[in-house]
Amino acid sequence: MNQYSNYQEFVEDLMHWGDQVCAHQTEAPPAVSFYSLLQKAVQSAEHEVFSPFLYVALSAQLEREDMLLLAAAFYTALNGNFLTLSLWNLFMAHEGTGVLGIELFYQSAPLLYERRNDAEHTDIYLEITPQILLFLRGVCLEKRQFPGMCWYYDTHGQLPFLGKRIEQYKTICACLSRVPGKKLIYLQGVKGSGRKLNYAYLAALSQKSLAVISYEKLQSKDHLREIQIECLLQHALFVIELPEHEEDLTPLFIWLEQEETVFLLGTKPTLREGSAFSRQYLPFSISYKLALADKELYEQLTKAYPWESEDVRTDFLNRYNFLPGRMRDILELAKAYALSQGTDSITQEYLRTAILGVSSHSLDQYATKIQGLYQMQDLILPDAPKLQLSHIISRVRNRKLVYETWGFLEKSAYGNGTAMIFAGPPGTGKTMAAQVMAAELGMELYRIELPAVVDKYIGETEKKLNRIFDEAEKSMAILFFDEADVLFSKRTEVKESNDKYSNMEIAFLLQKMEEYDGVSILATNYLQNFDNAFRRRVSDIISFPMPDANMRLQMWQSMIPSRLPVSDEIDFCYLAEQFELSGSMIKNTLIYASFLAAETDGPLLTMEQILKGLSHELEKSGKKLSRDEYGEYGYLF
């Protein structure tokens, strides 16, 4: 018979072979008779008879002698024993001097075996790893999960489209076949740029799955060994993801000393430890800019999802500059929102909610997130600045269309973000306008208090600003720099060393704002303090003047909630004409007056309570009005 009808027949032949070896009854050398069994198993596998023994041998890339060792250890395990050196010598009979056999026994694959010593430490036993032994017995094992490990790609699944501009796996594959010896493959790029997807395509070339392991969550060498064993059984390539911050890789390379090729991915441009562990360091990189510019990639990615309309899809593409990984996460979440609401189509609203839900940055360490609650109709401004703000929102929406689709990026490769100044007295609507932008664009808004960013130690301000912009890039958040005068005031002449460093901080911020592809807003009370060099480097300056009487009347009336009980005697025209207040002062006055109304028996907002709230608000700013200045309502005081 030239082949087995099932795997158990091979196991039975293996047991018979082992019994004859131990009883010294083999006619041919043990290795020769084993190789005939092995050849029969190979022929059976060609006729779709699955052999766990062959599977392990091929996955572990065992040579013929290594397979003989595995067979001997398997035989002894099936008999409830361990493989000793003396017993191994029986299986290596007639194989020359025996030196090869001894080396193989002592240097056997650490994933396949566990070593044990007897009580007197005079002999070493080899025991097949329990998980592998179960598999060799023919037990069907479920895929295991481990802390810090995710199955990124399974051979039964379909790989997402990989854009040409981020394709690196073919170059890596060619390098693996060309460079001899132990190797360290390091694929660098920002999160979401396609590093894992490239490794998945590399694994698929060998019909392998892909497991990604977080180095930060690796607990020990034994933890990593269990993961390696699982990858061996699942025929998977495993890649270790390095953390963004500095981490000592020495333990990792000690644990992976026996590994022929180590695959890593990370965000650092290079690894300092690359050539320090007796293996060839081979770095590869995915360009952030090239990933964003890959039109076909984004077309294929978005067309794989159901849309309410083609306009929603193209608007999404034209408005946002997310990397492929982040965009895929957003689309998956938007699809989930759609399905939970009983529809298959992604809408603008589901996208907006998903964008906010997928945010994964650390801006909260340096800034305060502000919810964009207001719409354009809520903003009370003169026509000119309001129209200017509408134009800016429209520009942000159509940025990708103009720069990328129509080609202006080729004419203007630098400084294509939207940086602007909101200038005006306190309380005139600068923060509210930023909230309107965030709500209209469906983007996150973060307010950075510059006094908290500016550091007295040289270089620390730049570090904080750099981290802020780096984190903002991950979500394309709107950055709102409040109290900008503390850093953006008129640049000084260099008279002292501190002046020099202050100017360096300003220059650094100007550079980061120009490099940032998103929206950045600077709020100031004193536009005159900004020098011409700074003004040239922002795209827009919007003035927020103190409101006139007509605008103040709109504010008094619009800021009263519909559920608040209000007396008919309130003279809004008088309030608007008599008192020059900002929008925030009017809001604070009404809130204070409403608390006074809440203390009365029949809660009702009255003119007296409003005037008392107004008096309280003015006193906060150092103003105290006389009774005459309250005109016909002076009697209330």
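Tutor: Two strands count as paired when DSSP finds at least two bridges between them. Strands (E, at least two residues) and helices (H or I, at least four) are DSSP runs, numbered from the N terminus. The model is predicted: local features need pLDDT of at least 70, side-chain atom pairs count only at pLDDT 80 or more, and totals for chains, interfaces and linings use all residues. Residues are numbered from 1 along each chain as its sequence is written, and side-chain values use heavy atoms, with hydrogens and water left out.

Student: What makes strand 13 and strand 14 a pair?

Tutor: Three bridges join strand 13 to strand 14 (residues 519–524), and the cut-off is at least two, so they pair. The two strands run parallel. Leu479 stands opposite Ser520 in strand 14.

Student: How many bridges join strand 12 to strand 13?

Tutor: Five bridges join strand 13 to strand 12 (residues 445–449), and these strands also run parallel. Here Arg447 has Phe480 of strand 13 as its bridge partner.

Student: Why is strand 13 called mostly covered?

Tutor: Buried means under 20% relative accessible area, exposed means over 50%, and partly exposed lies in between (1.4 Å probe, protein chains only). Five of the five residues of strand 13 (residues 478–482) are buried. On one side these are Ile478, Phe480 and Asp482, and on the other Leu479 and Phe481, which leaves both faces covered.

Student: Why is Thr353 called partly exposed?

Tutor: Its relative accessibility is 33%, which falls between the two limits, so the term applies. Thr353 lies in helix 16 (residues 348–357). The C-alpha atoms of Thr353 and Ala334 are 7.5 Å apart, although 19 residues separate the two along the chain.

Student: How do you know the span of helix 4 is close to the expected one?

Tutor: The expected span is 1.5 Å times one less than the number of residues. Helix 4 (residues 64–78) has 15 residues, for which 21 Å is expected, and its first and last C-alpha atoms are 21 Å apart. Gly80, with a positive phi near 80°, follows this helix.

Student: What makes helix 4 largely enclosed by the rest of the structure?

Tutor: Of its 15 residues, 11 are buried, so the description holds. Among them are Met67, Leu70, Phe74 and Tyr75.
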